[in-house]
Every structure is written in C-alpha cells, then in structure tokens.
Amino acid sequence: MTRLPPLFQDWFAARGWQAHAHQLDLLARAQAPALLLIAPTGGGKTLAGFLPTLVELSENPAPGLHTLYISPLKALAADIARNLSRPVADMGLNLRIEDRTGDTPATRKKRQRADPPHILLTTPESLALLLSYEDAGRMFGGLQRVVVDEIHALAESKRGNQLMLCLARLQSLAPGLRRVGLSATVDDPAAIAHMLARHPDPCPIIQADPGPDPDISMLNVQAPPPWAGGGAAYAIPEVLKLVEQHRTTLIFHNTRAQAEIFFHKLWLANSGGLAIGIHHGSLAREQREKVEASMVAGQLRAIVCTGSLDLGIDWGDVDLVIQIGAPKNVKRLVQRIGRANHRYNAPSKAVLVPANRFEVVECIAALEAVRARDLDGDARAPGPRDVLCQHLLIAACAGRFDADALFREIATCGDYATLSRAAFDDCLDFVATGGYALRRYDRWQRLMRRADGLWQLRDPRQAARIRMNIGTIQDTDLLKVRLKNRRGGKPLGEVEEYFAASLSPGDTFLIGGRIVRYEGLRDAVVEVSPDATKTPRVAVFSGTKFANSTQLSHRILRLLQQPDWSNLPRHTADWLALQRARSKLPRADRLLVETFPDGGQHYLCVYGFAGRNAMQTLGLLLTQRMEKAALNPLGFVATDYATLIWGLDPVNDPAPLFDENALRDGFETWLAGNAVMKRTFHGVATIAGLIERNSFGARRSGRQTLFSSDILYDTLHKYDPDHVLMQITREEAMKGLVDFSRIEEMLARTGGVIEHVSLDRLSPLSAPLFLEVGRVPVEGSAREKLISDEATRILGEV
C-alpha cells in the first residue's frame with residue numbers, strides 16, 4: 001500500500017490533516033517482518049503504527065486477534081484505546097478495541113481469552129501472563145501484527161528482555177507475525193532494531209523528519225545557584241513567573257522526594273493562588289487520576305512531576321517544560337522536552353534549572369547535546385538469565401515443551417542470540433530442581449522430564465503460584481498511607497517500609513504535597529492525620545537517584561577544557577577560571593587528584609567523572625587501600641564528578657592507590673561480603689522464581705522475603721558458590737549499584753596517568769563537596785587513634 005484508501009483519505013481531509021511521509025512509508029512496508037519507526041514527539045507515531053492494522057481490518061474484519069499493542073505504561077495503553085476509538089467510530093469500522101492491564105476486571109479478562117478483540121492493548125507483564133495459559137495457541141494463533149510503543153523505555157530494563165522472549169513465543173504460535181517498534185528517542189537505532197527483529201531477520205529503520213529544534217534554555221536568575229544541594233528552592237520566584245506566563249507547565253524532578261519538597265515550597269510561595277498539582281508513582285491512584293483529569297480539562301497551570309509523566313501520554317495543552325536539576329541523561333531530557341507543544345513541526349519549549357553551581361556546567365553540556373541531537377545510552381548487554389529462568393517457568397505453565405525446540409526459539413530473540421546451550425541447560429536445571437544445593441527440597445522441584453523427553457510441571461497446581469509472581473518489576477517494600485478514620489480513610493499514597501518503621505507517633509512528613517502526622521500502623525497501613533504545624537520530614541519513596549551518563553560526563557570534561565566560558569554565566573565562568581589559576585581543571589585523558597590540608601585533617605579529591613554510583617564505590621575502595629597503607633582515612637563523600645576523602649595523614653603519592661589490579665582485587669573482596677550482593681541476589685531470586693512475593697491468601701512483606709533471600713544467599717555462598725543465581729547476582733552487582741564498569745572505563749580513559757596537584761588549601765572545584773550530604777564514615781584505626789588521642793588529652797588535664 002503506497003497510498004491511503006479513499007475511506008482513510010476522506011477521514012484525514014475532514015480534519016484538515018495530511019498523512020506524514022513516515023506514516024505512508026510504514027504503510028507501504030506493512031508486510032515487512034519487522035520495522036522500527038523513529039519519529040519526534042507529536043509526529044503521529046502511534047497512528048502510523050496502527051494504520052496498516054486499520055486498513056487491513058477495514059478490508060477484511062475477520063474475527064479474532066489481529067494486532068497486539070504493547071506499552072510500558074498501563075495508563076498509556078488506556079489512553080491509546082480512547083484515542084484509537086475515535087477514527088474507528090468516525091469511519092464506521094466494525095472493530096473491537098480493548099485494553100488489558102492489571103486494572104482490567106477479571107470478567108473482561110476471562111472473556112478476552114475466549115473471544116479476543118481485533119486489537120488488544122496491553123503491557124509486557126500482561127502478555128507474559130497470557131502466554132502462560134494452555135489456550136495461548138488458540139488466542140494468538142491468528143495474530144498478524146504486534147506494535148511496541150516507546151520501545152526505548154522498555155529496552156532499558158528487564159521488562160524489554162522479557163517482552164522480546166514473549167515475542168519469540170508469539171512468533172512460534174503465529175509464524176507470519178510482523179513486528180513494529182515506535183520511539184522518539186533512540187540513541188542506537190541499529191541495536192534497538194536488532195533487539196526487535198526475529199534473529200537473524202533484518203529490521204529496516206524509518207527515520208522521520210526530526211522537525212524543528214526545541215526552544216530550550218537555562219533559567220537565568222540574578223543570584224547564583226547555591227554551591228551544593230538538589231532542591232533549586234532559590235529559583236522558585238522565577239519558576240512561578242514562568243508558570244504565570246504559560247498555559248500549562250510540567251515541572252520535572254529526578255526523584256519523588258525532591259518533587260515533594262519543591263511542590264511544598266512552591267505552594268507556600270504561590271501567593272497568586274495558581275492551580276498547581278503534583279504527580280508521581282508513589283501517590284494513590286485516585287490522586288493521580290484526579291490530577292490527570294484536571295490536566296486534560298485544562299484546570300491546572302502547573303504539575304510538579306517525575307518520570308510518571310515522561311512517556312507519550314498527551315495529558316493536555318502543555319506549552320512549557322521545566323527541568324529542575326541537571327537531567328543526568330540527554331535521552332531522558334529529550335523525552336521530557338517533547339511533552340511541551342505535543343504537535344509535529346511545533347518546537348517544544350523547555351527551561352533547565354540547575355540546582356547548584358556545578359549543575360550549571362551540566363545543564364549547558366546537556367543543552368549542547370540536545371542541539372547536536374547527540375543522545376546517550378549504554379551498549380546492549382546479553383539477555384539476563386534470571387529473566388530466562390522465569391520464561392522457562394512460563395513455558396511450563398502453558399504445557400509440555402521440548403527443550404531443544406525451546407532453545408532454538410529463544411535463540412531467535414536478539415538479546416539471547418548468543419546464549420550457549422550450556423547456559424540454557426543451567427537455567428533449565430535450576431527451574432527444574434533448584435540446583436545442586438537446593439535439589440533436596442521439594443518446594444523447588446518444579447519441573448520433571450517425561451519418558452518421551454518433554455518437560456512439564458511436576459505438580460500442575462504450581463502454575464497458579466508461578467502466574468502470581470510473573471514480571472520483572474522489582475517492587476520496593478511499600479506500605480499504604482491513609483488518613484485515619486473509622487472507615488479506613490482516604491488513600492494518600494505509599495512510603496517505603498523502612499521509612500515507616502523509623503516513625504514515632506507525632507512525627508510529620510510530606511506526601512502528596514501535604515504535611516501529615518503519623519498516628520500509627522494498623523494492618524500494614526500507615527495511618528496519618530493532617531498537621532501543618534511542624535516542619536516535616538520527607539517521605540522515602542522508591543525510585544532511582546540518577547547518575548550522569550558516560551556520554552554527558554565526557555561532554556562536561558570537554559567543556560571544562562575550553563579556553564574561556566563565554567557560554568556560561570559569569571559566576572560559574574569566574575569559578576572555573578579560579579580553579580584553573582589555583583590548581584588545574586579535570587581532563588578526559590588523565591585523572592586529576594588534589595591533596596590539601598584543612599581544619600587539622602588531610603584531604604584527597606579525585607575528579608573521576610564516572611557517575612555517582614561509581615564514584616561512591618571508588619570512595620569505598622580507596623579508603624580500604626588507604627587503611628592498609630596506614631593513612632588513617634576518616635570518611636568520604638561522592639558526587640557525579642568527584643570523590644572527596646579525608647583522614648589524619650597526608651597522601652604524598654596517590655598513584656599507588658589507583659593500581660587497577662589492586663583496585664579490582666579489593667573490589668572482589670569487598671563485594672563478596674557486602675550487603676549489595678544480598679540485595680542484588682534478592683532481586684535476581686525473585687525474578688528467577690526462587691522467592692515468591694505473592695502467594696495464596698497474602699502478599700509477603702519485604703522483611704519476610706529479605707529474610708528468606710538472605711538465608712538462601714548464605715546457603716548458596718557456602719555450599720554452591722557457582723550456582724547459576726550466584727553467577728547472575730555477581731553480573732548484576734557489577735553493573736548495578738556499584739557500577740564498577742564505570743570505574744574501569746575511567747581508568748582506561750585516563751590510561752593510568754595520575755595528575756597530582758598538592759595544594760596548601762582546598763581548591764575552588766572541591767569546595768562544594770564540603771557541603772554535600774551523604775558523607776560516609778570509615779570505621780578503622782583512624783577513629784581508634786582519635787579516641788585514644790582524646791583520652792590522652794583528657795587524662796593529661798586531670
């Protein structure tokens with residue numbers, strides 16, 4: 001099809017629209033086995049993805065499931081269902097379009113399996129659950145197309161790995177299945193295309209006209225930003241002025257806690273009574289839906305939000321995006337910018353607000369990257385094996401399977417194309433028996449091999465338990481928060497379990513922009529009452545504190561080497577010039593290390609620019625090595641760009657501390673006995689099916705599952721250290737919270753060249769680190785020496 005059928009041409013014309021070139025291009029290639037469309041936000045990607053479906057069904061509306069739409073968000077699936085129903089109704093197409101998520105009523109879910117609609121909109125988790133039923137072949141046997149929306153968002157997590165395994169299963173059930181991926185922000189289109197296609201099939205990439213450059217700038221305020229901190233409270237008067245000048249403004253934050261604090265302070269300064277809401281994933285669904293409805297109706301002037309509004313839902317007439325704090329990742333920034341002026345060929349408008357002095361540099365680097373269309377992202381790693389273990393359990397729930405055939409099917413998934421048969425067999429042995437150390441326990445004897453060589457569940461009743469735990473999203477241990485009254489109270493949201501455990505009656509905290517007082521815990525619900533009389537603590541919400549991407553860090557290092565900084569505000573340019581005069585500025589090809597005394601202690605500052613997690617790990621490793629060298633370290637603090645260590649003795653020659661082999665050996669020793677491994681193992685074991693979060697009658701608490709996983713970890717560490725889950729845990733820990741790979745990249749980039757600058761006082765660039773929160777004390781001989789010296793002094797005065 002190289003042009004729209006008359007019915008569709010008339011529908012476009014009636015609205016004064018004209019089909020975009022990329023929409024017609026995708027329609028013309030509708031029979032391709034796989035296609036990836038990259039088009040800017042507001043460019044009609046979703047309609048492009050559905051046009052071949054609607055045209056085919058308009059000509060042959062045969063019963064049964066024709067197209068499956070996969071979205072990373074439940075709300076996005078529901079939103080697309082509403083938007084798609086309009087052209088279907090306008091053109092009089094006799095089609096059924098339905099969504100299926102965790103919020104869908106059980107009766108509709110049951111009917112959908114028996115009588116599926118023409119178009120089903122769902123999430124990766126719901127698809128995996130559908131494939132676990134014995135009737136999956138009947139439901140999906142006639143499937144023609146699958147559309148994966150916001151594929152870049154899925155590709156960044158294990159949800160994407162699970163989805164691709166599910167597509168391999170669908171392709172076996174429906175050999176003629178055609179795949180389409182949609183995205184606005186892809187840093188490596190070839191890698192995403194490889195992930196999407198049936199290996200080794202090709203996947204052509206359709207690149208739409210990117211449209212006009214966004215109107216993006218950094219907020220210019222009279223007073224310079226503070227030296228440290230992440231709240232950007234200094235900019236609230238200017239932010240309110242911007243809100244007043246625009247119809248609807250989205251104010252993005254990188255964490256939920258920062259969003260709560262900013263909303264509270266913004267509301268206190270909102271003397272004009274502007275209608276402002278807050279939206280993030282820890283708020284009660286009722287409150288989120290109320291905010292969303294108000295946005296669509298145009299009743300809110302601003303919404304303080306997090307990643308919950310990142311993706312392609314068109315909530316209302318948003319004409320400005322404000323990013324509070326450095327974005328840390330260019331691809332995420334581009335996605336957020338696209339929420340403003342959500343129309344093709346209309347420039348998005350955005351303002352960046354640095355939270356502190358160094359974030360001014362970060363924001364300028366991010367602006368330059370956006371203008372250069374230079375997106376960041378990590379290279380795709382092989383598919384994780386804990387997800388594969390869960391997939392094997394899902395396959396067993398659906399019926400008997402042949403291991404050889406299943407291995408061949410999995411090898412058609414790009415993420416698992418290099419999986420060895422030995423690695424596959426290790427996973428199969430684990431899900432069947434639990435592995436060497438656990439095979440004596442009946443609860444992990446889940447699969448059996450029949451006389452004919454096929455594998456099946458040992459007990460068919462296990463299928464229900466497995467289905468209850470399908471998915472790769474790792475829930476943080478959350479407790480509901482409700483206003484206290486006799487009827488259960490209004491739901492406000494959720495807080496982390498360990499935060500709730502730290503509360504005493506009368507304590508106050510922020511949630512949903514309001515101050516509440518903790519009254520008690522009843523039936524695993526945090527009961528609160530309104531209280532605006534005390535300074536609140538901040539609730540601890542689930543979510544990740546982002547680290548600077550590698551590409552953005554490199555761009556910052558290049559910016560620091562400019563001969564002058566006319567593109568920076570005067571206060572920041574003067575600060576960098578002072579650093580250049582008194583010390584040196586960091587470079588990409590060498591590691592700048594400053595040492596200096598201050599306040600009776602000695603400091604070492606390492607400018608690694610490896611991201612917060614890696615710099616934190618580097619602090620742990622360096623203080624270990626300093627302890628062994630009798631340099632008496634006392635503590636350290638880390639940011640995205642540097643690690644500051646303080647102690648009792650000067651470091652005259654820092655080079656030996658950075659010996660790569662010694663750092664790696666120290667890392668291996670530290671990691672083996674560290675809580676990071678146990679925390680990582682808990683996530684791996686939950687996804688792989690060793691630990692159940694949900695069971696009949698109740699959901700196990702976070703403490704219960706952590707206790708179980710700690711026992712299992714200790715057992716395997718002692719008796720079966722090469723167990724497949726221990727192997728996976730180590731792989732995950734290396735690239736997760738500790739991010740040792742970024743340290744290795746830093747050492748490779750600098751080639752072992754240490755640029756040591758010995759100073760008589762702290763440097764301008766190190767000064768903000770003295771104001772950072774999150775200092776980590778080092779327990780060791782230095783503290784013992786301090787205590788001994790203090791005791792000697794006291795005794796000498798007696």
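Colleague: What covers the buried residues of α22?

Modeller: In this predicted model, the cover over the buried residues of α22 includes α15 (357-371), α21 (550-560) and β22 (591-598).

Colleague: Which residues of α22 are buried?

Modeller: Buried means under 20% relative accessible area. In α22, Thr 572, Ala 573, Trp 575, Leu 576 and Gln 579 are buried. Because these residues cover an arc of only 160° around the axis, they lie on the same side of α22.

Colleague: Which exposed residues does the face turned away from the buried side of α22 carry?

Modeller: That face carries Arg 570 and Ala 581, both exposed.

Colleague: How many residues does helix α22 have, and what does it reach from its first C-alpha to its last?

Modeller: Helix α22 (residues 570-582) has 13 residues and reaches 18 Å between those two atoms, close to the 18 Å expected at 1.5 Å a residue.

Colleague: Which residues line the second largest cavity?

Modeller: Its lining is made by Leu 131, Cys 166, Arg 169, His 391, Ile 394 and Ala 395. The elements giving two or more residues to this lining are α9 (158-173) and α16 (385-398), and α16 provides the largest share, 3 residues.

Colleague: How do the lining residues of this cavity divide into nonpolar, polar and charged?

Modeller: The lining of the second largest cavity has 4 nonpolar residues, 1 polar and 1 charged.

Conventions. Residues numbered from 1 in each chain as written. Predicted model: local features only at pLDDT ≥ 70, side-chain atom pairs only at ≥ 80, totals over all residues. Heavy atoms only, no water. 1 Å grid on protein atoms, 1.4 Å probe; cavity = no way out; pocket = protein on both sides within 12 Å on 5 of 7 lines; lining within 4 Å. Helix = DSSP H or I, 4+ residues; strand = E, 2+ residues; numbered from the N terminus. Nonpolar A, V, L, I, M, F, W, Y, C, P; charged D, E, K, R; others polar. Expected span 1.5 Å × (residues − 1). Buried < 20%, exposed > 50% of the residue type's maximum accessible area, 1.4 Å probe, protein only. Arc of directions from axis to C-beta. Contact = heavy atoms within 4.5 Å.
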